[in-house]
Amino acid sequence: MTDQQKEFLHLCIVEQLNYKTIAERLDLPNSTLTNWYEELKEERLAIASIRTLWTRKKIKMAFSDFYKWYLSHERKCFYCDITEPQIKELIDNGRLTTKRLATRGRKLELDRKQPDLEYDNFENLAFACYWCNNAKTDTFTEEEFLKVGKVFKEIWKQRLEK
């Protein structure tokens with residue numbers, strides 16, 4: 001993907017500008033933008049899924065700010081350090097099974113470190129695996145659940161080594 005295509009995606013999907021404005025900024029014809037829109041479908045859908053998360057959590061900060069935060073953070077559980085590729089490996093190898101996998105568990109979720117605060121504070125946001133996020137609920141603080149996360153981390157490590 002070229003830098004210009006990246007800028008197009010940002011302007012179109014993140015900033016949600018119209019084609020006329022984008023065409024003027026990038027000095028390109030609408031036909032090129034239309035072609036890129038189709039060519040970059042996978043990338044568009046990835047950004048759209050982040051926007052869906054932002055919308056579902058009713059985050060008040062601008063989507064562009066949330067998107068920057070989302071991209072700037074390592075994709076691993078804040079509490080147990082498991083990554084999405086490791087979760088996939090465990091699932092694929094039959095070392096992680098649950099009836100919930102149809103709807104949750106394959107991807108990291110958004111957690112509030114301090115459950116009594118909203119999702120609008122960058123410092124309060126973290127990625128969490130389904131198991132940590134589900135067990136933490138809104139009962140435990142970040143500090144309390146980091147202790148539990150260490151136990152989960154050891155279990156994941158043992159399962160990944162099998």
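Predicted model: local features only at pLDDT ≥ 70, side-chain atom pairs only at ≥ 80, totals over all residues.
**Entry 1: helices H1 and H2**

I began with helix H1, which covers residues 3-14, and helix H2, which covers residues 19-26, and I found that their axes come within 10 Å and cross at roughly 150°. That angle makes H1 roughly antiparallel to H2, since angles over 145 degrees count as roughly antiparallel. I also noted that the crossing of H1 and H2 is right-handed.

Which residues in H1 and H2 meet? From H1 I listed Gln4, Glu7, Phe8, Leu11 and Cys12, and from H2 I listed Tyr19, Ile22, Arg25 and Leu26. Sorted by class, the contact of H1 with H2 holds six nonpolar residues, one polar residue and two charged residues.

**Entry 2: helices H4 and H5**

Next I looked at H4 and H5, which pack at an angle of about 115° with their axes 10 Å apart. H4 and H5 are therefore roughly perpendicular to each other, and I wrote down that their crossing is right-handed.

On the H4 side of this contact I found Ile47, Ile50, Arg51, Leu53 and Trp54, and these meet Phe63, Phe66, Tyr67 and Tyr70 on the H5 side. The residues of the contact of H4 with H5 divide into eight nonpolar, no polar and one charged.

Leu53 has its place in helix H4, which runs over residues 41-56.

Leaving aside the neighbours of Leu53 within four places in sequence, I found Leu53 in contact with Phe66, Tyr70 and Leu110. Phe66 and Tyr70 are also among the H5 residues that meet H4. I then took the separation of Leu53 from Glu74, which is 21 residues apart from Leu53 along the chain, and their C-alpha atoms are separated by 17 Å.

**Entry 3: the buried residues of H5**

For helix H5, residues 63-72, I listed the buried residues as Phe63, Ser64, Phe66, Tyr67, Trp69 and Tyr70. What covers them includes H1, H4, strand S1 (109-112) and strand S2 (125-128).

Which residues does Ser64 contact, leaving aside its neighbours within four places in sequence? I found Val14 and Glu15 in contact with Ser64, and Val14 falls within the residues 3-14 of H1.

**Entry 4: the two sides of H6**

In helix H6, residues 84-92, I found that Glu84, Ile87, Leu90 and Ile91 are buried. Seen down the axis of H6, these buried residues fall within an arc of 120°, so they line one face of the helix. The face of H6 turned away from this buried side carries the exposed residues Pro85 and Asp92.

What covers the buried residues of H6 includes helix H7 (130-136) and helix H8 (142-161). Just after H6 I came upon Gly94, which takes a positive phi of about 70°.

Where does Lys58 lie? Lys58 lies in the loop between H4 and H5, and at 69% relative accessibility Lys58 counts as exposed.

I then turned to Thr137, which is likewise a residue other than glycine with a positive phi, here near 45°. Thr137 has its place in the loop between H7 and H8, and with a relative accessible area of 40% Thr137 is partly exposed.

**Entry 5: Thr34 in H3**

Last I looked up Thr34, which is found in helix H3, residues 30-39. At 42% relative accessibility, Thr34 counts as partly exposed. Thr34 and Ser49 are 15 residues apart in sequence, and from C-alpha to C-alpha I noted a distance of 21 Å in space.

How values were computed:
Residues numbered from 1 in each chain as written. Heavy atoms only, no water. Axes fitted to C-alpha atoms, helices over the stretch in contact; angles between N-to-C directions. Helix = DSSP H or I, 4+ residues; strand = E, 2+ residues; numbered from the N terminus. Parallel < 35°, antiparallel > 145°, perpendicular 65-115°, else oblique. Left-handed = near helix turned anticlockwise from the far one by under 90°. Contact = heavy atoms within 4.5 Å. Nonpolar A, V, L, I, M, F, W, Y, C, P; charged D, E, K, R; others polar. Buried < 20%, exposed > 50% of the residue type's maximum accessible area, 1.4 Å probe, protein only. Arc of directions from axis to C-beta.
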